[in-house]
Amino acid sequence: MSEKSLTYSIGRAFFYLKVNCFVVTLAVSKNKVYVMEINLVENIGLVHGVSEVVAGEDGFVFSRMTRKLLEFYSYSEPAEIRAHCTSGVRICFNSNTSFVAMRLNYGRGAREVFAVDMVVDGMERLTFTPGSAEETFAFSAEMPLGGGSHAIEIHLPHLCDCMVEALCIEDGATLEPVKYSGGRIIFLGDSITQGMTSSSPMRAYDALLAAGLGRDFHNICVGGATMRREAGELALDLSWKTAIVAFGVNDCAQKRPLEEFSADAKALFEALSKREGATIYALTPIPWPEGPEFNNLEEFREAIRRAVKHLPQVRLIEGRGLVPNEDRYFVDGCHPNDSGMQLYAENLLAKINEMEKK
């Protein structure tokens, strides 16, 4: 996949709102063309990784969590902020449009990462970022020359909340949903699987893994979260065929009693196993290069091994082999950087492909 990182100031894309369409001055071509605005409530089939989409005052609001999950993660302000981030939320469609234009508004964030990724035909990744914390950001992109329909995936910012004020394509262009095979993946975990701290959403390991498998995905991870049975029980309210579960570092950092952690791990995986025909991957924690000198992370890994040992639907993957235990692959000695996320995704993809062949 080729990459282009583009930083646009708001002034380079000018929107003139009309009744059902508006005129946009493209940042690249400077040509005025008529466009049609996509209503994401009426076209909710284009939005992936969400439980709900509503039209708000500042644009379309996306909730990747069910209302019960939002209530569950309301125990602190940091958890609430992270639960409202649009991690894993994507707008995906097939269209013969010559361009795509978007304007969005930012809300609260877990990290100062505001980038939007656009993937065209699974081959080219464009990254758009305001470069700083702006309340509003607008950008546009021309599609490859040659005509025909293109598969377009727009990955919304993964470490902050955002509302899409406008999403527009060429007036009269085709608009069809993207169909994925293999069943949807649901991710349950903490900050690492939420995407901390990749520089853009498509550089997080969940998005990279799903792309490698060619599957849809839904991320319900929350930074700071620990292994709790409720997360498994509430995940059953969502549609998925494969679950990837990665907890343990926060449990270790918070010095949770192993007996309590083990009981929650067993209950969480038993709950997920109620989904008929589902496959669940239990990931033990990846390395923690700058963790406390005398931590017992290995004991938490062993507790996960014991919890899933007799559950036939659960497949165990050792996290220690997914990312090297080297500082150069981490932002802060705990959260992988872009290089660490890339290795995480590649190694996990290889493990899953190997297991699915058996």
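1. Ser95 belongs to strand β8, which spans residues 90–95; strands are DSSP runs of E with at least two residues, numbered from the N terminus. The model is predicted, so local features need pLDDT of at least 70 and side-chain atom pairs pLDDT 80 or more, whereas totals for chains, interfaces and linings use all residues. Residues are numbered from 1 along each chain as its sequence is written, and side-chain values use heavy atoms, without hydrogens and water.

2. Ser95 counts as buried because its relative accessibility is 0% (buried: under 20% relative accessible area, 1.4 Å probe, protein chains only).

3. The side chain of Ser95 lies 2.6 Å from the backbone oxygen of Thr174. Thr174 is also among the residues that Ser95 touches, together with Gly148, Ser149, His150, Ile169 and Ala173, leaving aside residues up to four places away in sequence (contact: heavy atoms within 4.5 Å).

4. Three cavities of 30 Å³ or more are found in the whole structure. A cavity is a set of points on a 1 Å grid over the protein atoms alone where a 1.4 Å probe fits but cannot get out; lining residues have an atom within 4 Å of a point.

5. The largest cavity has a volume of about 80 Å³. Its lining includes Asp190, Phe247 and Tyr344, and divides into eight nonpolar, three polar and one charged residues.

6. The second largest cavity holds about 60 Å³. Among its lining residues are Arg90, His155, Asp206 and Phe217; by class, the lining has six nonpolar, four polar and two charged residues.

Notes: Helix = DSSP H or I, 4+ residues; strand = E, 2+ residues; numbered from the N terminus. Buried < 20%, exposed > 50% of the residue type's maximum accessible area, 1.4 Å probe, protein only. Polar contact = N/O pair within 3.5 Å; in protein donor to acceptor, adjacent residues only side chain to side chain. 1 Å grid on protein atoms, 1.4 Å probe; cavity = no way out; pocket = protein on both sides within 12 Å on 5 of 7 lines; lining within 4 Å. Points joined across faces, edges and corners; volume = space filled by probe spheres on them. Nonpolar A, V, L, I, M, F, W, Y, C, P; charged D, E, K, R; others polar.
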